[in-house]
Amino acid sequence: MKRSWIKRKPTKPLKRTKLRKKSLQPMPTLRRKADRALQDWFRREYPDNKCECCGGQYEVMHHHILKSNSNAARFNHDNLIFLCSKCHSSLHFGNLNLISIYTAKRGNEWVEKMVELKKVKVSHYGKKALEVIIKKYA
Ligand SMILES: [Zn+2]
């Protein structure tokens, strides 16, 4: 005797398997890993750093050259600025004085480096390039 589909007992909804989750978007995960590796490296190298604007406890890292403007700068530790949360949000709300404060502290050599870095064009980081970055800062 054949049962009709309609009368069938409801089954548990299918669970999302790990395999499916992984296959969704491997690239953003790698990019996040590269971001994390870079930040961890920076914290290891400069464990006592204070907020570069007010001297308070540093809490966040700010990309001097915005991530959206440059792929090359995104994964370069020279582009990371130590900031406290207060200065960080103040900066994002348009307090440009803060940029001149940390820029003055970092000096001309750094400014020149940033100018050069901004010129570097990397249109897209593929899987291999991201893995190189993760290894570099591991
Ligand atoms: Zn601060």
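This report describes the fold, core and confidence of a predicted protein model.

## Overall fold

The protein chain has six helices and two strands. Read from the N terminus, its elements follow the order α-α-β-α-β-α-α-α.

Take the contacts in the protein chain with a separation of 6 or more: 69% of them join residues 24 or more positions apart.

## Burial and the cores

The protein chain has 138 residues, and 14% of them are buried. In soluble globular proteins, nonpolar side chains tend to be buried together. Here, the largest nonpolar core holds nine residues. They are C51, C53, Y58, L80, I81, F82, L83, C87 and L98. Strand 2, residues 80–83, contributes the most to this core, with four residues. A second core is separate and has five residues, among them A34, L38, L130 and I133.

Which residues does C53 contact, leaving aside its neighbours within four places in sequence? The partners of C53 are L83, C87, L98, I101 and Y102. C53 itself belongs to the largest nonpolar core.

## Confidence

The mean pLDDT of the protein chain is 85. Of its residues, 80% reach 70 or more.

Helix 4, residues 85–92, has the highest mean pLDDT of the elements, at 96. Helix 1, residues 18–24, has the lowest, at 54. Where pLDDT is low, the predicted coordinates should not be read in detail.

Terms used: Residues numbered from 1 in each chain as written. Buried ≥ 20, exposed ≤ 12 C-beta atoms within 10 Å, placed from the backbone. Contact = placed C-beta atoms within 7 Å. Core = buried A, V, L, I, M, F, W, Y, C linked by C-beta atoms within 7 Å. pLDDT = per-residue confidence, 0-100.
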